Amino acid sequence: MKKLLFLLTGIFALSLVTSCGSNKELQERAPAQFQDIYYTENENGLDLYIPVAVIQENRVSMDSVYFRGMKSPLVRDSEQTNLFIANFSTGAMDIMSIDPAEENKNRLPQRTEKVPFEIQDDEAILVFTQNNKTKYYKLTGIEAQN
C-alpha cells in the first residue's frame, strides 16, 4: 500500500512540474498601442511591419513574432524608432550562376516553426517580455501592402 501511495504521489508531482513549464496563454491586454500592422512581399520573402504608437520600454521588450508558420526576431527600425520589423525568408532561389559568389546571395528558406496557438493567415503571435516573463499576444487584421 505504501508503494502505491508513493507511486501516485510521484506521478502527481511530476505532472504538476511538467504542466507548469509548458503553460502558455495569450494575454488579453496588449503590451503596447499598435497602429495598423501590415506586411509586404518581395523576391526573398515577406516583411512584417508592426508600428507602435505607445510602449512602456522600461517594462516591455518586443522579442519575436510567429507569422504564417514561421518565427522571426523583431528588429527596431533604425530610422523610425516606433516601427518593429520581422523578416521572413521564403527562400526564393533567384540567382542561378556559375559564379559561386553570386549563388551565395541566395537566401535559404526559413524552416517552419510550430506556432504555440491557433492563428489565421491575417494573424500573428507576438512574443514579448514583461517584467522578465515571456508572454504572448495575438495580433489580428494584418493586411498586405504594396
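In this predicted model, Tyr 39 has a relative accessible area of 8% and is therefore buried, since buried means under 20% relative accessible area. Phe 67 is buried as well, at 0% relative accessibility, and Phe 88 counts as buried at 1%.

These three residues belong together, for Tyr 39, Phe 67 and Phe 88 form one aromatic cluster. A pair of aromatic rings is described by the distance of the centres and the angle of the planes, and the structure holds five aromatic pairs. One of them joins Tyr 39 and Phe 67, a tilted pair with 5.6 Å from centre to centre and 55° between the planes. This pair links distant parts of the chain, with Tyr 39 in strand β2 (residues 38–42) and Phe 67 in strand β4, 28 residues apart. The rings of Phe 67 and Phe 88 have centres 6.0 Å apart and planes at 50°, so this pair is tilted. Here too distant parts of the chain are linked, because Phe 67 lies in strand β4 and Phe 88 in strand β7 (residues 83–89), 21 residues apart.

From Phe 67 we can follow strand β4 (residues 60–67) to its partner β8, with which β4 pairs in the antiparallel sense over six bridges; within this pairing, Ser 64 has Val 127 of β8 as its bridge partner. Strand β8 (residues 124–130) is largely enclosed by the rest of the structure, because six of its seven residues are buried.

Strand β8 also pairs in the antiparallel sense with strand β9 (residues 133–139), over seven bridges, and Phe 128 has Lys 135 in β9 as its bridge partner. The hairpin of β8 and β9 has two residues between the strands, and in this hairpin Asn 131 takes a positive phi near 55°.

Note on methods. Residues are numbered from 1 along each chain as its sequence is written. This is a predicted model: local features need pLDDT of at least 70, side-chain atom pairs count only at pLDDT 80 or more; totals for chains, interfaces and linings use all residues. Side-chain values use heavy atoms; hydrogens and water are left out. Buried means under 20% relative accessible area, exposed over 50%, partly exposed in between (1.4 Å probe, protein chains only). Helices (H or I, at least four residues) and strands (E, at least two) are DSSP runs, numbered from the N terminus. Two strands pair if DSSP finds at least two bridges between them. Rings of Phe, Tyr and Trp (its six-membered ring) pair if their centres lie within 6.5 Å; planes under 30 degrees apart count as stacked, over 60 as edge-to-face and the rest as tilted.
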